[in-house]
Amino acid sequence: MSLVAIVGRPNVGKSTLFNRLVGMRQAIVDDTAGVTRDRHYGRCEWCGREFSVVDTGGYTTNSDDVFESAIRSQVQIAIDEADLVLFMVEAATGITDYDAEIADILRRTKKPVVLCVNKVDSGEKMFDAYQFYSLGLGEIFSISAANGSGTGDLLDAVVAALPEEEQTEDPYAGLPRIAIVGKPNVGKSSLTNALLGVERNIVTPVAGTTRDAIETHYNKFGHEFMLVDTAGIRRKAKVHEDLEFYSVMRSIRAIEHADVCILMIDATTGMEAQDMSIFNLIVKNRKGCVVVVNKWDLFIKDSNTLRDYTNALKERLAPFNDVPVVFTSVVKMQRIQDVLDAATQVYANYSQKIPTARLNEALLPVIEETPPPAWKGKYVKIKYVTQLPTAFPAFAFFCNLPQYVKDPYKRFLENQLRANFNLTGCPVQIYCRQK
């Protein structure tokens, strides 16, 4: 599938156009310059032609922003990856030094370039667009990304300039989705980069560097899945900017769409209240979970530290404490592979379908030996159990009086399921139904 990269200086409307092309508010848009920091991918379809679009951070030089050089390298990588570059400028501001510098870079590339002038939302501003012919990049397209005017002609030009290719189905459809979640600055983007072996996402010591949920295809060491790096989720009281509110919403949506969540916590602070809130969000959405304790190299240890830390952690996670715990140091590349192995195993547990015959063979003798407590002189008899066709492990127990099976006995049934079948890392849902 062809790839189109949207590049330009900060705050010309790249993310607004990206959202319009992919048909959803996928990238964060705000009046603040420099909101987008990482490359952000989406799909666009126009006149029967489907192609990928990548949104990049604004290209700047000689600023005081700690992210500047990292954003610049991300833009350069996007240009190198792309089949076509969509260069955005802004009518009202005219040609700036940044625009001239980017145009100079693009003239040297062998890639086709389409120049679009944004924020042309009136007839008067149309005249401001003509000055951009002096950049020497050919025909210009005047658009308003906010209200959509001119985008049809722009897309016609993009599709015409893209190289011909055979139409294929989505190669990543059906792959497991693994999301890395946690509070800000626990090492989520560092883990993503370590797993991929490339600087896919920007990493700085500043908490909240990542703002979008960023998907990447992973296919190494016998593992293949979609890896999703998310923005840090902090307490509502700590979220003061609109930008961070949107980032948190993207992260929550990433959890909802994932199969397995890797919850990263800081070894030096332990499992705090906000970590528990994120864990409860994962459980509420019935997703598989792996807990990764990062920065383990900074923790002062003795002979029993690992065991005691694990026990204390599982006490906090109770009652759902059947979760793999992996201790890592991403900076020192310690036990990174263990995180992959644990996540892959949890996905296998999460997606397994247990035959009905095996379920009944394992559970009915235990239920007969320890039946549900009688309720007001009425006895509950469970006759039959089967797994439901849901994305997560869910089981239906058919009985004569389902309303009298209370939560303590449901927890007993869940424990029996975990004892007989490998459901580590997976929340289990139990339903009692009328036989």
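Mentor: Let's begin with contact, which means heavy atoms within 4.5 Å. This is a predicted model, in which local features need pLDDT of at least 70 and side-chain atom pairs count only at pLDDT 80 or more, while totals for chains, interfaces and linings use all residues. Residues are numbered from 1 along each chain as its sequence is written, and side-chain values use heavy atoms, leaving out hydrogens and water.

Trainee: Which residues is valine 290 in contact with, leaving aside its neighbours within four places in sequence?

Mentor: Valine 290 touches Val260, Cys261, Ile262 and Leu263, then Val323, Pro324 and Val326, and also Ala342, Ala343 and Val346.

Trainee: Which residues of the largest nonpolar core touch the most other members?

Mentor: In soluble globular proteins, nonpolar side chains tend to be buried together. A nonpolar core is a set of buried Ala, Val, Leu, Ile, Met, Phe, Trp, Tyr and Cys residues joined through side-chain atoms within 4.5 Å. Buried means under 20% relative accessible area, exposed over 50%, and partly exposed in between, with a 1.4 Å probe and protein chains only. The largest core here has 30 residues, and Val290 is one of those touching the most other members, along with Ile178, Leu191, Leu195, Ile262 and Met264. Elements giving two or more residues to this core include strand 7 (177-182), helix 6 (188-196), strand 10 (260-266) and strand 11 (288-294). Helices (H or I, at least four residues) and strands (E, at least two) are DSSP runs, numbered from the N terminus. Helix 10 gives the most to this core, with 7 residues. Apart from this core lies another, of 26 residues, among them Ile265, Cys289, Val293 and Phe327.

Trainee: At what angle do the axes of helix 6 and helix 10 cross?

Mentor: Axes are lines fitted to C-alpha atoms, for helices over the stretch in contact, and angles run from 0 to 180 degrees between N-to-C directions. Under 35 degrees counts as roughly parallel, over 145 as roughly antiparallel, 65 to 115 as roughly perpendicular and the rest as oblique. The axes of helix 6 and helix 10 come within 10 Å and cross at roughly 90 degrees, so these two helices are roughly perpendicular. Leu191, Ala194 and Leu195 of helix 6 meet Ile336, Val339 and Leu340 of helix 10.

Trainee: How do helix 11 and helix 12 cross?

Mentor: Their axes, from residues 356-369 and 407-420, come within 11 Å and cross at roughly 135 degrees; helix 11 and helix 12 are therefore oblique to each other. Among the residues making the contact are Leu359 and Ala362 of helix 11 and Phe412 and Gln416 of helix 12.

Trainee: Where is alanine 419 found?

Mentor: Alanine 419 belongs to helix 12 and is exposed, with a relative accessible area of 63%. Alanine 419 and alanine 362 are 57 residues apart in sequence and 9.9 Å apart in space, C-alpha to C-alpha.

Trainee: Which residues does a cis peptide bond join?

Mentor: Most residues other than glycine have a negative phi, and most peptide bonds are trans. Here a cis peptide bond joins alanine 318 and proline 319, with omega about 10 degrees. Proline 319 sits in the loop between helix 9 (305-317) and strand 12 (325-327).

Trainee: Is cysteine 47 buried or exposed?

Mentor: Cysteine 47 counts as exposed because its relative accessibility is 65%. Its phi is near 55 degrees, a positive value in a residue other than glycine. Lysine 295 also has a positive phi, near 65 degrees, and lies in the loop between strand 11 and helix 9. At 22% relative accessibility, lysine 295 counts as partly exposed.
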